[in-house]
Amino acid sequence: MRLGVCYYPEHWPKQRWAIDAEQMAKLGISHVRLGEFAWARFEPEPGQYDWAWFDEAIEVLHAAGLKLILGTPTATPPKWLVDQDPSMLAVDAEGRTRGFGSRRHYCFSSASYRAECRRIVTAMAQRYGEHPAVVMWQTDNEYGCHDTVESYSQNARAAFRVWLKARYGDVTALNTAWGNVFWSMEYRSFDEVDPPVGTVTEPNPSHVVDYQRFCSDQVASFNAEQVEILRRLSPGREITHNFMGAFTAFDHHKVGADMDLATWDSYPLGFLDMSPFPDAMKQRYLRQGHPDFQAFHHDLYRGCSSRWGVMEQQPGPVNWAPNNPAPLDGMVRLWSLEAFAHGADLVSWFRWRQCPYAQEQMHAGLLRVDAEPAPAFAEAGQVARDLKQIAGALPQQAPVALLWSYDGQWIHHAQPQGEGLDLLRQTYETYTVLRRLGLDIDIVPPQADLDGYRLIILPGLPHLSETLMASLSASSAQIIALCRTGSKTQSFQIPANLAPGPMQALLALKVTRVESLREGIVEAVELHGEQRGVERWREAVETDLPVQARYRDGAPFWVRDGHLSYLAGWPQPELLGHIIATLALEAGMEIALTHEDVRLRTLGNLRFAFNYGPEPVSLAGMAPDGADFVLGSAELAPAGVAAWRL
Ligand code: GAL
């Protein structure tokens with residue numbers, strides 16, 4: 001359980017570095033991330049490096065006993081590089097070339113930019129790769145931030161054609177897979193295929209999904225080039241990349257597979273303000289963030305690599321959301337401890353000191369602009385003390401596997417067939433229902449080993465691979481497939497045997513019609529004599545299997561064959577909670593109905609509780625009487641954290 005901070009020595013006078021370093025170490029911080037935006041200072045003129053200032057910063061931090069996470073600076077190519085090679089710039093969907101003057105202006109498909117990146121990463125790794133203080137590398141910074149995974153440049157177009165050729169071999173196979181006979185979209189050669197933009201009405205969804213797959217692969221191969229250099233020149237050091245929240249434009253499982261640990265940047269208040277959550281929720285959790293958002297990403301990124309952490313943790317108001325409130329006192333501590341409870345091995349705050357100039361001058365740090373402590377400073381120190389109480393607790397496999405796939409999200413997204421519907425939303429809603437039952441969850445890719453799980457949920461994965469079907473057939477867990485599961489083939493076609501496609505081998509039912517419903521329309525379902533609701537999506541199914549719950553008009557909703565269940569519609573949380581609770585109890589799992597503001601999580605032999613509400617909460621019913629608390633107590637203050645021994 002390591003604590004870190006993001007630091008920019010290039011923003012401060014040299015005399016300040018030793019004071020900062022000493023103060024960090026005293027606070028309990030052991031790791032410092034630096035360097036990720038400093039290309040123009042590392043190489044002020046093409047080919048002329050200036051490492052002296054960075055050498056000095058590294059020695060100062062090292063002398064204070066700090067360990068270093070070096071960022072490769074490829075998210076911010078300097079002006080001279082852009083002028084020297086304008087073809088490296090990305091192009092947006094409207095055909096506009098991305099301009100210089102902020103960051104992330106490069107195109108992942110530019111071979112010349114990739115060569116420049118390999119050069120600067122090699123130079124940096126040669127200089128610092130074996131420095132005793134350097135323990136980790138971060139490649140680039142937030143791939144895709146500011147919508148930069150997709151580019152429509154000439155470079156991207158050429159690379160897409162190569163990618164398609166490798167995938168399909170000959171263009172007839174592509175025409176068949178995409179169904180290009182429709183609307184006379186057939187191609188005579190790969191050289192005729194453009195990116196799917198600028199069409200009169202929606203482009204072919206198969207084309208859209210393949211373009212997303214291509215863009216995602218470009219990110220993965222761009223990253224892999226840096227990883228190869230770092231592994232060679234900086235042996236034994238960990239490698240990570242900092243992912244973002246609610247971001248699905250590239251396959252994080254693929255990028256994470258090349259990493260020693262996946263990290264992500266957690267900004268609970270900024271994300272809440274920008275999210276589609278209802279206003280009442282945004283008001284209630286204004287200064288806390290949505291109670292499941294952080295944990296969802298912790299569990300998601302834990303499934304993306306062998307270890308994980310938080311590289312940037314919000315310390316106070318940010319600058320980039322439409323509105324930027326301050327956290328409730330105690331939340332910076334709560335967010336940090338919650339990450340550790342989910343098994344993080346690093347939490348690092350962004351940033352050490354608020355910067356007085358440029359784009360992020362309104363973004364808080366642990367220190368204010370005048371170098372005095374901001375409110376988060378004391379909370380960071382408290383976290384360092386808290387860690388002593390919980391050290392040694394290690395994450396274990398959760399009882400629940402929630403399946404998630406980036407490819408599945410792209411399929412849903414390409415043709416949602418209903419406003420606001422996508423796989424991420426369905427997965428997140430399922431996650432919140434599971435959490436209200438006090439359950440621990442692993443969010444896993446379809447290729448994961450599903451052994452040992454007692455409950456497996458498919459929240460609408462559209463395409464079911466052979467590997468996944470094999471693991472599901474071998475599993476004796478309770479399995480719940482929600483509507484839209486198995487509804488597409490990999491090339492975005494309706495399966496010949498209809499949905500749920502290959503799932504029909506396990507569960508004898510067929511989806512014969514689907515409909516999407518506007519927000520606010522609720523279809524009644526009767527379960528155990530009570531009326532509950534389905535919204536947004538309803539399916540008609542043909543089956544002879546037993547029906548556990550029906551729509552009011554008698555049509556099947558919950559179909560069940562032993563340990564396999566199918567839900568022919570999108571259940572409201574109460575209904576889904578009921579079904580999950582029933583099956584979880586049958587599977588011998590323990591559930592706890594939690595207070596709406598409280599979330600629970602187990603780590604090793606410790607059980608944690610977090611209060612996201614603005615009022616105090618008693619843990620009665622959630623913690624045993626006479627629990628042996630190592631943090632907090634049975635009365636949880638707003639932003640309070642408790643942990644007790646199991
Ligand atoms: C992240 C980014 C940082 C900084 C931060 C501000 O997206 O990685 O460089 O911009 O947000 O909250």
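A polar side-chain atom of Glu312 lies 2.8 Å from an oxygen atom of the ligand. A polar contact here is a pair of N or O atoms within 3.5 Å. This is a predicted model, where local features need pLDDT of at least 70, side-chain atom pairs count only at pLDDT 80 or more, and totals for chains, interfaces and linings use all residues. Residues are numbered from 1 along each chain as its sequence is written, and side-chain values use heavy atoms, with hydrogens and water left out.

| Residue | Distance to a ligand oxygen atom |
|---|---|
| Glu312 | 2.8 Å |

How much of the ligand does the protein bury? Alone, the ligand exposes 310 Å², and the protein buries 95% of that. Accessible areas come from the Shrake-Rupley method with a 1.4 Å probe.

The residues around the ligand include Phe37, Asn141, Asp265 and Trp320. Each has a heavy atom within 4 Å of the ligand. By class, this shell holds four nonpolar, two polar and five charged residues.

Now the loops. Val181 sits in the loop between α7 (171-178) and α8 (205-233). Val181 counts as exposed because its relative accessibility is 63%; the cut-off for exposed is over 50%, for buried under 20%. Gly129 lies in the loop between α5 (111-128) and β4 (134-138). Gly129 counts as buried because its relative accessibility is 0%. Helices have at least four residues and strands at least two, as DSSP runs.

Conventions. A polar contact is a pair of N or O atoms within 3.5 Å; within protein, one must be able to donate a hydrogen and the other to accept it, and residues adjacent in sequence count only if both atoms are side-chain atoms. Ala, Val, Leu, Ile, Met, Phe, Trp, Tyr, Cys and Pro count as nonpolar, Asp, Glu, Lys and Arg as charged, and the others, Gly among them, as polar. Buried means under 20% relative accessible area, exposed over 50%, partly exposed in between (1.4 Å probe, protein chains only).
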